[in-house]
Each structure stands twice: as structure tokens, then as C-alpha cells.
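Please read the following briefing alongside the sequence and the coordinates. It goes through cores, ligand surroundings and selected local features in turn.

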Amino acid sequence: MRIRKNAVITAVGGYVPDTVLSNHDLEEMVDTNSEWIVARTGIKERRIVNDPDIATSDMATYALKRLMEEGNVNPDEIDCVIVSTSTPDYVMVSTGSMVCEKAGLKNAWGIDTNAACSGFLYALTLGASMIESGRCKKVVVIGADKNSAIVNYTDRNTCILFGDGAGAVLLEQTEEPVGLMDSFFRTDGSGKENLIVTAGGSKFPASQSTLDEKLHYVRQDGRVVFKAAIQGMTDTCNEVLKSNDLVSAQIDYLIPHQANLRIIQSVGEYLGLSAEQVKVNIDRYGNTTAATIPLCLWDFKDDFKYGDKMILTAFGAGFSWGATYLKWGTLRQSKKD
Ligand code: ACO
């Protein structure tokens with residue numbers, strides 16, 4: 001009998017910058033107030049990069065180094081690094097390539113994927129496929145975004161939401177009945193009207209006029225995104241539950257993309273989950289785009305037990321959305337343990 005070889009998460013790392021941007025700081029910058037931000041989003045503070053020399057690849061590298069240290073991972077054994085980001089260091093030169101260099105990975109190749117807030121989930125499935133096929137033995141998947149580079153800090157509709165950060169996981173093969181089980185993803189390009197960074201790519205290369213019109217900043221219709229996010233995340237969670245003969249009562253944890261506490265709570269309620277089952281850290285980090293889900297795994301890893309059933313779900317620009325079902329495995333131990 002052929003034994004199914006799953007891809008399982010065996011190490012996790014995370015990084016957020018030291019600089020805290022509080023709601024009270026934002027009150028000094030735009031016409032808003034902390035009570036409104038907490039009530040409408042659940043965000044109390046976010047971290048932002050304060051050093052112009054720190055780019056997305058640096059945050060991703062810090063997260064990866066923490067993963068290697070805590071998981072006692074030999075950098076020479078890593079085969080591939082997939083970085084999901086909407087804020088790459090450069091338009092040309094992948095952030096993955098920069099991470100391999102900065103983390104000292106001699107035998108790895110690095111690439112980027114971009115699906116905004118859904119990017120980490122999509123990259124996780126790509127990485128898992130490479131492990132399941134046997135093509136790679138150790139794949140690192142990173143979600144990292146320096147949102148402060150694309151946020152207009154005079155626009156109260158967006159600047160209250162975003163933070164900077166990075167999270168990384170290591171995928172390895174296992175014959176045990178744990179790991180990534182299934183995913184259900186969708187995209188709809190017409191969603192670009194409601195959530196986009198318009199300029200800086202090939203459609204609208206950077207120019208004086210794109211700068212004057214502030215088209216290099218993120219722009220969104222929050223209400224449209226809000227509704228679509230609840231619908232998309234709930235629907236895709238239900239799809240993976242159904243196709244794996246599961247009901248939500250059998251799920252131990254929901255790890256949702258952290259865009260807005262009200263979105264997270266609505267999805268949890270639609271799925272019939274208790275507040276304890278739904279992991280939340282948006283109060284401390286805001287929306288770190290591709291980093292929210294791996295940062296949640298990093299923050300709450302001590303809560304997870306072998307065999308725990310988890311649904312990871314995201315919604316983001318594209319529109320892009322989806323859900324992944326996984327069973328938690330065993331994390332590698334650091335040398336110190
Ligand atoms: N402070 C105070 N008042 C504000 C602020 C603010 N920061 N922002 C908006 N308002 C005002 C509005 O102008 C509006 O006033 P009006 O009624 O006089 O017009 C009022 O508050 C209500 O505005 P809404 O847009 O209806 O507020 P809502 O409850 O929808 O909250 C928010 C806005 C927080 C943006 C919400 O819609 C949201 O979180 N949407 C989803 C955002 C998201 O997930 N983005 C995607 C992530 S990015 C990615 O995928 C890459």
C-alpha cells in the first residue's frame with residue numbers, strides 16, 4: 001500500500017519591529033480617535049519599521065533566523081524559500097533571493113508569490129505540494145509585509161489598519177496522519193476596483209503623475225471589502241469542512257487572517273465556533289497582510305497539541321480568498337531544550 005506523505009509544519013518563527021504605532025499616535029496624524037479604531041477594527045496598536053534600511057526581506061530573514069534557532073534547523077538543509085509579499089524589496093529581484101542571501105542559505109532557491117492577504121495560505125499549499133511530491137525535503141514558507149511602505153499616513157481609511165511584520169514556517173515530510181490536508185481557494189480579479197495599490201507595476205509605471213495622484217499607496221473601499229471578506233472566508237471554510245467530512249464542532253482552532261476583529265468574529269460565529277477557538281492578535285499588530293497567519297501560528301504555537309484540527313482562512317486583494325485544513329504535528333526542539 002502506498003503511504004501518503006504529508007507536508008507538516010515542524011518549526012515556526014516570527015518577527016515584528018520594535019516601534020509601536022498606537023491609536024493615540026494616529027490621533028495626532030489624522031482625524032480619528034482610539035475609541036473609534038478599537039470599536040470598528042479591534043486594533044489597539046501596530047508595529048512599524050522605523051529604520052529606512054530595513055526592508056521586507058530583513059523582517060523575513062529575522063523570522064527565518066528565529067525559526068532556524070528555535071527549531072535547530074541547519075540552514076544548509078533548506079531546499080527552497082517561498083516568500084509571500086505585496087511589498088517586495090524591489091520590483092525586479094525576488095525577496096526570496098534576498099532572504100536566502102541574508103540568512104546564509106547556500107543550498108536553497110528563493111521565489112516570491114503575491115496574493116496579498118491570502119498570499120501565505122497560497123504559498124503554504126505550493127510549498128506543501130513540493131514536499132508531498134518528494135521534490136524537496138525542507139521548504140520554508142514566509143509571509144512578510146512592510147505595509148508602512150505603501151500606506152498613506154494622511155488617509156484615515158487605511159492608515160489605522162496596517163502594520164509591518166513577518167512569519168515563517170518550515171514544511172517537512174511525514175508519514176504520520178498530520179500536516180496539510182486540503183485547501184479550497186478562489187480569486188476574482190474584478191475585486192481590484194475595491195482594494196489596490198495602483199502604480200509602480202507595468203500597468204502604471206511610477207511617474208511624476210502617479211506620485212502626484214498618490215497611486216503608489218493602498219486604496220480601498222472598506223465596506224465592500226468587509227462584506228466580501230466575511231462571505232469569502234465563511235464559504236471557503238465550509239467548503240473544506242464539507243470535502244473532509246467535518247463539522248465545525250470537530251475543529252480545534254480557526255486561524256483567520258487578521259484584517260478586522262469584526263470580520264474575524266463574524267466568520268467565527270457563522271461557523272459556530274467559540275471565541276476560545278478563534279485565534280486573534282490583531283489588537284497588537286493590526287493587519288500585517290501576508291504575515292498575519294504565520295504570526296498567529298508563532299504567537300499561539302504553545303497552545304497547539306499534536307493532532308489538533310485547524311482551519312486557516314484568509315481574504316485579500318485580488319480579490320483572493322480561501323481556507324486550508326491542517327492537523328498540527330510536532331515542532332522540532334531547539335538545542336537548548
Ligand atoms: N476614524 C474615524 N472615523 C472614520 C475613520 C477613522 N479612522 N475611517 C472612516 N471613518 C468614518 C467614515 O468616514 C464614515 O463616516 P460617515 O458615516 O460620515 O461617512 C464612518 O466612519 C463609517 O465608515 P465606514 O467605512 O462605514 O466604517 P466601517 O465600519 O466599515 O469601518 C473599516 C471601516 C475599518 C475600513 C472597515 O470597513 C474594514 O475593516 N474593512 C475591511 C478592511 C480590510 O479588510 N481591508 C483588506 C485588507 S488589505 C489586503 O487584503 C491587502
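Which residues of the largest nonpolar core touch the most other members? They are Leu254, Ile263, Val267, Leu271, Ile311 and Phe315, out of the 40 residues in that core. This is a predicted model, in which local features need pLDDT of at least 70 and side-chain atom pairs count only at pLDDT 80 or more, while totals for chains, interfaces and linings use all residues. Residues are numbered from 1 along each chain as its sequence is written, and side-chain values use heavy atoms, with hydrogens and water left out.

**Nonpolar cores**

- A nonpolar core is here a set of buried Ala, Val, Leu, Ile, Met, Phe, Trp, Tyr and Cys residues joined through side-chain atoms within 4.5 Å, where buried means under 20% relative accessible area, exposed means over 50%, and partly exposed lies in between (1.4 Å probe, protein chains only).
- In the largest nonpolar core, which has 40 residues, at least two residues each are supplied by helix 8, helix 9, strand 12 (309-316) and strand 13 (320-327); helices (H or I, at least four residues) and strands (E, at least two) are DSSP runs numbered from the N terminus.
- Helix 8 gives the most to this core, with 8 residues.
- Apart from this core lies another one of 38 residues, which includes Ile9, Ile82, Val141 and Phe300.
- Leaving out residues up to four places away in sequence, Leu254 touches Cys237, Val267, Gly268, Leu271, Leu273, Gln277, Val278, Lys279, Ile311 and Thr313, with contact meaning heavy atoms within 4.5 Å.

**Ligand surroundings**

- The ligand is surrounded by 25 residues, of which the closest are Thr32, Arg40, Cys117, Arg223 and Asn260; a residue is taken as near a molecule if one of its heavy atoms lies within 4 Å of it.
- By class, this shell has 11 nonpolar, 9 polar and 5 charged residues, where Ala, Val, Leu, Ile, Met, Phe, Trp, Tyr, Cys and Pro count as nonpolar, Asp, Glu, Lys and Arg as charged, and the others, Gly among them, as polar.
- An oxygen atom of the ligand is 3.0 Å from a side-chain N or O atom of Arg156, and an oxygen atom of the ligand is 2.6 Å from a side-chain N or O atom of Arg223.
- For Gln220, the corresponding pair consists of a nitrogen atom of the ligand and an N or O atom in the side chain, at 2.8 Å.
- Taken alone, the ligand exposes 1000 Å², and the protein buries 76% of that; accessible areas come from the Shrake-Rupley method with a 1.4 Å probe, and for residues only the protein chains shown count as cover.
- Two or more residues of the shell come from each of helix 2 (34-41), helix 6 (156-159), helix 8 (222-243) and helix 9 (261-271), and the largest share, 4 residues, comes from helix 8.

**Buried asparagines in loops**

- Asn194, in the loop between strand 8 (179-187) and strand 9 (195-197), counts as buried because its relative accessibility is 17%.
- Beyond residues up to four places away in sequence, Asn194 touches Arg219, Gln220, Asp221, Val224, Val225 and Phe319.
- Asn152 is found in the loop between strand 6 (138-146) and helix 6, and is buried, with a relative accessible area of 11%.
- The side chain of Asn152 makes a polar contact with the side chain of Thr154 at 2.7 Å; a polar contact is a pair of N or O atoms within 3.5 Å, and within protein one must be able to donate a hydrogen and the other to accept it, while residues adjacent in sequence count only if both atoms are side-chain atoms.

- Helix 11 (residues 292-300) is largely enclosed by the rest of the structure, because 8 of its 9 residues are buried.

**Backbone geometry**

- A cis peptide bond, with omega of about -15 degrees, joins Gly318 and Phe319, and Phe319 lies in the loop between strand 12 and strand 13.
- Asn72 is not a glycine, yet has a positive phi of about 50 degrees, and is partly exposed at 35% relative accessibility.
- Asp245, likewise not a glycine, has a positive phi of about 55 degrees, and is exposed, with a relative accessible area of 71%.
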